[in-house]
Amino acid sequence: MNLERLNEHDHFAYARAVLGEIAHISDEWAGIPLPLEDHALVIEPTYPYAKELAKLGQRELPPEDLSHITKRSHFWSTHRRSEVLIWSNRGKIEWGIVPGMHHITQDLKTVGASVVWGIEQETNAFQLLAEHVSSHQFKQYVLTGMFLEQSRRSHIHYVFRRLRPTVAVSSQGGTLRILAALCLHPIAYYEGSWAGAMCPTDDLIAHLMLMRGDEHMFWRRANQHRAYRPEAGL
Amino acid sequence: MSGTLAILNVSKGDTKLSFDKDKPEERAYAARVVTDMLKRGYAIVIEVAPGVYERVKAFDPNTCEYLISDIPKETTAAPVRKRGRPRRRVDAATTSGVGVARAARGCAGEVW
């Protein structure tokens, strides 16, 4: 099946192409993320169209008067698999729980957001990845959606995973220990999903390149999730 | 070997810039784009030796050279003190790299 034929069946191909042209004219070298109904975009705040694009997928809720509520504390409860919130309501201490994200909800939202990617973009990303990893790593990635690499600087092992945060593992002292799951998407991601504005392999290449080129910056720019948190995707 | 820089892109997967010395127009365009990318906070990572990658700190558009951090070799002579870390020049026409836009982190998990 050729590219034209694939794009005929991809209802977002035209929108992607138009945004690509606008991005080219306006010197947005990484492109413009495609907004989706009911999938709010979380955009890097310094991106030129960040506010406008973020508004497009959000639902407008009536403003609530919360002036009598003061946030006191919050913590993660492994037992309840929820965030426990504590607040004071007109001087009275109250608490409640917010369940942690559910894997299947996150997965389904990712499937929903996947309409913005095209086969062409992902194929290009595959080719780029193949240029920068060993044939063994590339084979691992194609067959399992993940591959491993050890940092030359810190000797930390990284498990780069398609559509999941990268897992940093330390092997010091002969035992394996998960340090963190590092979540990062160039430009933007769709809230409540594993989906970034870029196709999955491009997101993975971004992780790989930042780790190789500036590991410190990779950790600084990524959200660092502990292994027990659902956001780690473990 | 002519150096290329792949910029990760939403609409195309990636776009390639060429620093081919035989194509001065493409080279001038690539120099303009790289200069602008660095100004906007893009991370550009280049392969400086097989399997060794470094993040670009600056770019010289006149010579089309990347400037990367350099680790000085041990010498017996007393080091000349200069401000900032020493930098090494890498010809953009001889290396490949990847440009990554500023990142939006991801999956915050924060309820408050």
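Is D27(A) buried, partly exposed or exposed? At 21% relative accessibility, D27(A) counts as partly exposed, where buried means under 20% relative accessible area, exposed means over 50% and partly exposed lies in between, with a 1.4 Å probe and protein chains only. The legends below describe a predicted model, in which local features need pLDDT of at least 70 and side-chain atom pairs count only at pLDDT 80 or more, while totals for chains, interfaces and linings use all residues. Residues are numbered from 1 along each chain as its sequence is written, chains are lettered from A and ligands numbered from 1 in the order in which they are written, and side-chain values use heavy atoms, with hydrogens and water left out.

**View 1. Chain A as a whole, with its helices and strands.** Chain A has 8 helices and 10 strands, which are DSSP runs numbered from the N terminus, helices being H or I over at least four residues and strands being E over at least two. Taken along the principal axes, the box filled by the C-alpha atoms of chain A is roughly 65 × 50 × 30 Å. Of the 234 residues of this chain, 48% count as buried, and its accessible surface comes to about 12900 Å², with 56% belonging to carbon and sulfur atoms; such areas come from the Shrake-Rupley method with a 1.4 Å probe, and for residues only the protein chains shown count as cover. Among the contacts in chain A with a separation of 6 or more, residues 24 or more positions apart account for 47%, contact meaning heavy atoms within 4.5 Å.

**View 2. Two residues of the loop between α2 and β1 of chain A.** D27(A) is placed in the loop that runs between α2 (13-25) and β1 (41-43) of chain A, and its phi is near 60 degrees, a positive value in a residue other than glycine. D38(A) also lies in the loop between α2 and β1 of chain A. For D38(A), phi is near 65 degrees, again a positive value in a residue other than glycine, and with a relative accessible area of 47% this residue is partly exposed.

**View 3. Helices α5 and α7 of chain A.** The axes of helix α5 (residues 119-132) and helix α7 (residues 200-213), both of chain A, come within 8 Å and cross at roughly 25 degrees, the axes being lines fitted to C-alpha atoms over the stretch in contact and the angles running from 0 to 180 degrees between N-to-C directions. That makes α5(A) roughly parallel to α7(A), a term for angles under 35 degrees. On the α5(A) side, the residues that meet α7(A) include F126(A), L129(A) and H132(A), and their partners in α7(A) include L204(A), L208(A) and R212(A).

**View 4. A227(A) in the segment after β10 of chain A.** A227(A) is placed in the segment that follows β10 (223-225) of chain A, and with a relative accessible area of 32% it is partly exposed. Leaving aside neighbours within four places in sequence, A227(A) is in contact with I178(A), A232(A) and L234(A). From C-alpha to C-alpha, A227(A) and L179(A) are 7.6 Å apart in space, although 48 residues apart in sequence.

**View 5. Chain B and the order of its elements.** Chain B has 1 helix and 7 strands, and from the N terminus on its elements run β-β-α-β-β-β-β-β. Of the 112 residues of chain B, 47% count as buried.

Key: Parallel < 35°, antiparallel > 145°, perpendicular 65-115°, else oblique.
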